[in-house]
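Please open the model in your viewer and keep the sequence at hand.

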Amino acid sequence: MSDHIDNTDKIIFAEVARGLAAVRSRPALVAHGCCHYCDEALAPGLLFCGVDCRDDYEKEQAAKARAGRPG
């Protein structure tokens with residue numbers, strides 16, 4: 001007979017799996033030679049020119065998601 005802890009574990013694992021699936025289904029950014037936030041020229045393979053641009057980009061995307069607008 002399962003107890004409350006077993007049931008809670010099942011719920012937690014299901015939530016973690018759902019969250020991972022949501023993150024994995026998001027389209028990934030592709031390096032294109034410019035910062036995805038400020039359009040500064042970058043070395044090949046980089047997405048952002050620094051942590052500030054990366055953080056600002058993520059904040060902007062989160063705000064768009066909360067507003068129901070596409071990224």
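Buried denotes under 20% relative accessible area, exposed over 50%, and partly exposed in between, with a 1.4 Å probe and protein chains only. This is a predicted model, in which local features need pLDDT of at least 70 and side-chain atom pairs count only at pLDDT 80 or more, while totals for chains, interfaces and linings use all residues. Residues are numbered from 1 along each chain as its sequence is written, and side-chain values use heavy atoms, with hydrogens and water left out.

Select Asp52 first. Asp52 counts as exposed because its relative accessibility is 57%. Its place is in helix H2, residues 51-67; helices are DSSP runs of H or I with at least four residues, numbered from the N terminus.

Next, select Cys35, Leu42, Phe48, Cys53 and Tyr57. These five residues form the largest nonpolar core, that is, a set of buried Ala, Val, Leu, Ile, Met, Phe, Trp, Tyr and Cys residues joined through side-chain atoms within 4.5 Å. Within this set, Cys35 is buried at 0% relative accessibility, and Cys53 is buried at 13%.

Now display the cysteine sulfurs. How many disulfides are there by the distance rule? The count is zero, a disulfide being a pair of cysteine sulfur atoms within 2.5 Å. The closest cysteine sulfur to that of Cys35 belongs to Cys38, at 3.7 Å, and is therefore too far for a bond. Cys53 is likewise in no disulfide, its nearest cysteine sulfur being that of Cys49, 3.4 Å away.

Finally, select Val16, which lies in helix H1, residues 4-25. Val16 counts as partly exposed, at 46% relative accessibility.

Definitions and conventions: Helix = DSSP H or I, 4+ residues; strand = E, 2+ residues; numbered from the N terminus.
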